[in-house]
Structures are given as C-alpha cells and as structure tokens.
Amino acid sequence: MDLGTAFDEMNEKSATRYFEHNLNENPEACQHRRLLYNCMTQVGFSNYGEEWWHYDFHNMAWARRVQAKTACYGAIQVTIHDHEIKEIRYQ
C-alpha cells in the first residue's frame, strides 16, 4: 500500500498531512493516509503529526494530545543489577 514514504523515513513527506497540502503529488498516498488516520482516530488513537505511522493510545503522549487528565501508562525507571531487575519506579 502506497503511503508516500517508507516507514520511519524522516523527511517533510513523512508528516501525516503532507499530501493533504500537496494533493497532486500523490493522491493515492493521500487516500491511504486518510484511511489509516480515520480508522485509528475513530477507535481512540492519537497521531503524532510529523509521522504518518506514529499513533499512541493511553500513554503520556496520547494524554497530552487529547488533553486527558491521566494516562494509563507512562515512563518507568528500572534498576538492574547483575542482569536482574531490582526496582521498578513509575514516573
């Protein structure tokens, strides 16, 4: 499926709405991105606008984008000693 760039390709065309602003460049990729975006956001994911492939759900990035008061999970800090987890702290 043509989405206009390779996954994890970092350039201006990677922005989710790039082809919305440049419709004549690749209308097929624009349609595919619209489909992906609409499917993902309708079930609650949020999109990081600089990467068409990047969606978050219930993490800290998602909470910031949708202005939720809490996130279901976020960053953790793990202490490892001798290849074993000694402590996990949620931030």
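Student: At 39% relative accessibility, does Glu-25 count as buried, exposed or partly exposed?
Tutor: This is a predicted model, where local features need pLDDT of at least 70, side-chain atom pairs count only at pLDDT 80 or more, and totals for chains, interfaces and linings use all residues. Residues are numbered from 1 along each chain as its sequence is written, and side-chain values use heavy atoms, leaving out hydrogens and water. Buried means under 20% relative accessible area and exposed over 50%, with a 1.4 Å probe and protein chains only. Glu-25 has 39%, so this residue counts as partly exposed.

Student: Which residue forms a salt bridge with Glu-25?
Tutor: A salt bridge needs a side-chain nitrogen of Lys or Arg within 4 Å of a carboxyl oxygen of Asp or Glu. For Glu-25, the closest N and O atoms are 2.8 Å apart, and the partner is Lys-13.

Student: Where in the chain do Arg-34 and Glu-20 lie?
Tutor: Their side chains meet in a salt bridge, 2.7 Å from N to O. Arg-34 is partly exposed at 33%, and Glu-20 is partly exposed at 32%. The pair links distant parts of the chain, 14 residues apart: Arg-34 in helix H2 and Glu-20 in helix H1.

Student: Which residue is the bridge partner of His-81 in S4?
Tutor: S3 and S4 pair in the antiparallel sense over six bridges, where pairing takes at least two DSSP bridges. They form a hairpin with two residues between them, and Asp-82 in the turn has a positive phi of about 55°. In S4, the partner of His-81 is Glu-84.

Student: Which side chain meets Glu-84 in a salt bridge?
Tutor: Glu-84 is partly exposed, with a relative accessible area of 48%. At 3.8 Å from N to O, the side chain that meets Glu-84 is that of Lys-86.

Terms used. Helix = DSSP H or I, 4+ residues; strand = E, 2+ residues; numbered from the N terminus.
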